[in-house]
Amino acid sequence: MKPVITLFRTVYSPADIQTAGLPEICISGRSNVGKSSLINRLANRRNLARISRIPGKTQSINYYLVGSNCYLVDLPGYGYAKVPKSSKKLFAELVKSYLNGRQELKGIIQLLDARHGLVGGDYDMVEWIKMWGGRVLYVFTKADKLSSGGRIKMKKKFEHVFNTEHIVMFSAKTGIGAESIWLWITETFCMAKSNTIL
Ligand code: GTP
Ligand code: MG
């Protein structure tokens, strides 16, 4: 049985970012790439995380409790041009404060659009992730918009680009890839727990 996912806390300002000491996995990606849809699909709920056609919907950091002692953290999306400069700056500060020196962060799920691969702000984010050096899963969203051949091609290409096998072609619409994401999440939290014991 999958653990239940519930919304735990919404954070709007860097000062409110908590350090509860529980292991966390964050979900990062461009605005509109499908971060909230991924959470809903994992939770098997339609409206747990708010989804919108309009990019920039999630303007806060949302903590979701997975079972009783781990968090999935939905970060605000980057790279949407139409968001006012002032709020863009606020998002960037919020995300930076979250990411910097975060002991609780045990893994990052980096979302990329299956149709486009790396675009705009993705390059900076991927660079940061490499520097960070922890566990990462690259999830290519909206894979339902590609043919099965297209999905295989994209996966192969990015296994090479990122030099990793931790790549999942995912669709929030059809559910493909969701099991593999769960597996990686479970593995990451298990590893975090066993490291704490050691
Ligand atoms: P922000 O909160 O603005 O950063 O966006 P987000 O990354 O949370 O994206 P969200 O989940 O809100 O999805 C954006 C749009 O893409 C919505 O219209 C979704 O229905 C659509 N979408 C998300 N995932 C998929 C998918 O796997 N397939 C298809 N076809 N559409 C998707
Ligand atoms: Mg969102």
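A residue is called buried when its relative accessible area is under 20%. The legends below describe close-up views of a predicted model.

**Figure 1. Ala 114 in the loop between strand 5 and helix 3.** With a relative accessible area of 1%, Ala 114 is buried, because this value is under 20%. The residue is placed in the loop that runs between strand 5 (105-113) and helix 3.

**Figure 2. Overall arrangement of the chain.** The secondary structure comprises five helices and seven strands. In sequence order, these elements follow the pattern β-β-α-β-β-α-β-α-β-α-β-α. Of the 198 residues in the chain, 47% are buried.

**Figure 3. Helix 1 and the residue that follows it.** Helix 1 spans residues 35-43 and is mostly covered, with eight of its nine residues buried. The buried positions are Lys 35, Ser 36, Ser 37, Leu 38, Ile 39, Asn 40, Leu 42 and Ala 43. After the helix comes Asn 44, which has a positive phi near 60 degrees.

**Figure 4. The buried and exposed faces of helix 3.** Within helix 3 (residues 122-132), the buried residues are Asp 122, Met 125, Val 126 and Ile 129. When the helix is seen down its axis, these buried residues fall within an arc of 95 degrees and therefore line one face. The face turned away from the buried side carries Asp 124 and Met 131, both exposed. Just after helix 3, Gly 133 adopts a positive phi of about 85 degrees.

**Figure 5. Stacked rings of Tyr 138 and Phe 162.** The structure contains six aromatic pairs. In the pair formed by Tyr 138 and Phe 162, the ring centres are 3.8 Å apart and the planes meet at 10 degrees, so the pair is stacked; the cut-off for stacking is an angle under 30 degrees. Tyr 138 belongs to strand 6 (residues 135-141) and Phe 162 to helix 4 (residues 148-162), so the contact ties together parts that are 24 residues apart in sequence. Both partners are buried: Tyr 138 has a relative accessibility of 3%, and Phe 162 has a relative accessible area of 9%.

Figure 6. Phe 140 is in strand 6 and Phe 158 in helix 4, so the pair ties together parts that are 18 residues apart in sequence. Phe 140 is buried at 0% relative accessibility, and Phe 158 is buried at 4%. Ring pairs link Tyr 138, Phe 140, Phe 158 and Phe 162 into a cluster.

**Figure 7. Lining of the largest cavity.** The structure holds one cavity of 30 Å³ or more. The largest cavity has a volume of about 30 Å³. Its lining consists of Ser 28, Gly 29, Leu 75, Pro 76, Tyr 78, Val 95 and Met 125. These lining residues divide into five nonpolar and two polar, with no charged residue. Met 125, one of the lining residues, is also among the buried residues of helix 3.

Figure 8. A disulfide is a covalent bond between the sulfur atoms of two cysteines. A search of the whole structure finds zero disulfides. Cys 70 takes part in none, and the nearest cysteine sulfur, belonging to Cys 190, is 8.4 Å away; a disulfide would require the two sulfur atoms to lie within 2.5 Å. Cys 70 is buried, with a relative accessible area of 5%. Cys 26 is likewise buried, at 0% relative accessibility.

**Figure 9. Asp 74 in strand 4.** Asp 74 lies in strand 4, which covers residues 70-74. At 0% relative accessibility, Asp 74 counts as buried. The C-alpha atoms of Asp 74 and Ile 109 are separated by 9.8 Å, and the two residues are 35 residues apart along the chain.

Key: Residues are numbered from 1 along each chain as its sequence is written. Chains are lettered from A and ligands numbered from 1 in the order in which they are written. This is a predicted model: local features need pLDDT of at least 70, side-chain atom pairs count only at pLDDT 80 or more; totals for chains, interfaces and linings use all residues. Side-chain values use heavy atoms; hydrogens and water are left out. On a 1 Å grid over the protein atoms alone, a cavity is a set of points where a 1.4 Å probe fits but cannot get out, and a pocket is an open set with protein on both sides within 12 Å along at least five of seven lines; lining residues have an atom within 4 Å of a point. Grid points are joined across faces, edges and corners, and a volume is the space filled by probe spheres set on the points. Ala, Val, Leu, Ile, Met, Phe, Trp, Tyr, Cys and Pro count as nonpolar, Asp, Glu, Lys and Arg as charged, and the others, Gly among them, as polar. Rings of Phe, Tyr and Trp (its six-membered ring) pair if their centres lie within 6.5 Å; planes under 30 degrees apart count as stacked, over 60 as edge-to-face and the rest as tilted. Helices (H or I, at least four residues) and strands (E, at least two) are DSSP runs, numbered from the N terminus. Buried means under 20% relative accessible area, exposed over 50%, partly exposed in between (1.4 Å probe, protein chains only). The arc is that of the directions from the helix axis to the C-beta atoms.
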